[in-house]
Amino acid sequence: MSALFNFHSFLTVVLLGICTCTYLKMQFPAILEHRTGFRGFFWKAARIGERLSPWVAVGCFTMGVSVIFF
């Protein structure tokens with residue numbers, strides 16, 4: 001089943017995307033300089049990860065627990 005049709009998988013993909021973009025921006029800031037176009041989407045995901053990091057961390061922890069136990 002595609003991640004677009006399964007809400008649980010969709011949330012997992014979104015959280016992993018946010019975490020990955022934030023990590024890449026911290027390690028290699030030149031990669032995500034462009035704020036427009038296709039790479040602008042990844043810049044926005046990194047910005048969400050930077051500003052909402054406690055909530056993203058709680059979301060990742062919750063998704064991890066749900067994957068392990070459910």
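T22 counts as buried, at 14% relative accessibility, because the cut-off for buried is under 20%. The model is a predicted one. T22 is placed in helix α1, and α1 comprises residues 7–27. Apart from neighbours within four places in sequence, T22 has contacts with A45, A46, G49 and E50.

## Packing of α1 against α2

From α1, the residues I18, C21, T22, K25 and M26 meet F42, W43, A45, A46, R47, I48, G49 and E50 of α2.

Two packed helices are described by the angle between their axes and the distance between the axes. For α1 and α2 the angle is about 90 degrees and the axes are 7 Å apart. The two helices are therefore roughly perpendicular to each other, a description that applies to angles of 65 to 115 degrees.

## F41 in α2

Helix α2 runs over residues 38–51 and includes F41. Is F41 buried or exposed? F41 has a relative accessible area of 56% and is exposed, because exposed means over 50%. Between F41 and S53 there are 18 Å in space, C-alpha to C-alpha, and the two are twelve residues apart in sequence.

## Helix α3

Helix α3 takes in residues 53–69, 17 residues in number. At 1.5 Å a residue, α3 should span 24 Å, and the 24 Å between its end C-alpha atoms agrees with that.

Which residues of α3 are buried? They are V56, G59, M63 and S66. These residues cover an arc of only 90 degrees around the axis, which puts them on the same side of α3. An α-helix has 3.6 residues a turn, so residues three or four places apart point the same way. The cover over the buried residues of α3 includes α1 and α2. P54, F61, I68 and F69, on the other side of α3, are exposed.

## Annotated transmembrane regions

An unreviewed UniProt entry carries the annotation "transmembrane region" for residues 6–24 and 52–69. In the model, residues 6–24 are 95% helix and 0% strand, with end C-alpha atoms 27 Å apart. For residues 52–69, the span is 94% helix and 0% strand, and the end C-alpha atoms lie 26 Å apart.

How values were computed. Residues are numbered from 1 along each chain as its sequence is written. This is a predicted model: local features need pLDDT of at least 70, side-chain atom pairs count only at pLDDT 80 or more; totals for chains, interfaces and linings use all residues. Side-chain values use heavy atoms; hydrogens and water are left out. Helices (H or I, at least four residues) and strands (E, at least two) are DSSP runs, numbered from the N terminus. Buried means under 20% relative accessible area, exposed over 50%, partly exposed in between (1.4 Å probe, protein chains only). UniProt positions are given in the numbering used here, feature names are shortened, and annotations may be inferred rather than shown by experiment. The expected span of a helix is 1.5 Å times one less than its number of residues. The arc is that of the directions from the helix axis to the C-beta atoms. Contact means heavy atoms within 4.5 Å. Axes are lines fitted to C-alpha atoms, for helices over the stretch in contact, and angles run from 0 to 180 degrees between N-to-C directions. Angles under 35 degrees count as roughly parallel, over 145 as roughly antiparallel, 65 to 115 as roughly perpendicular and the rest as oblique.
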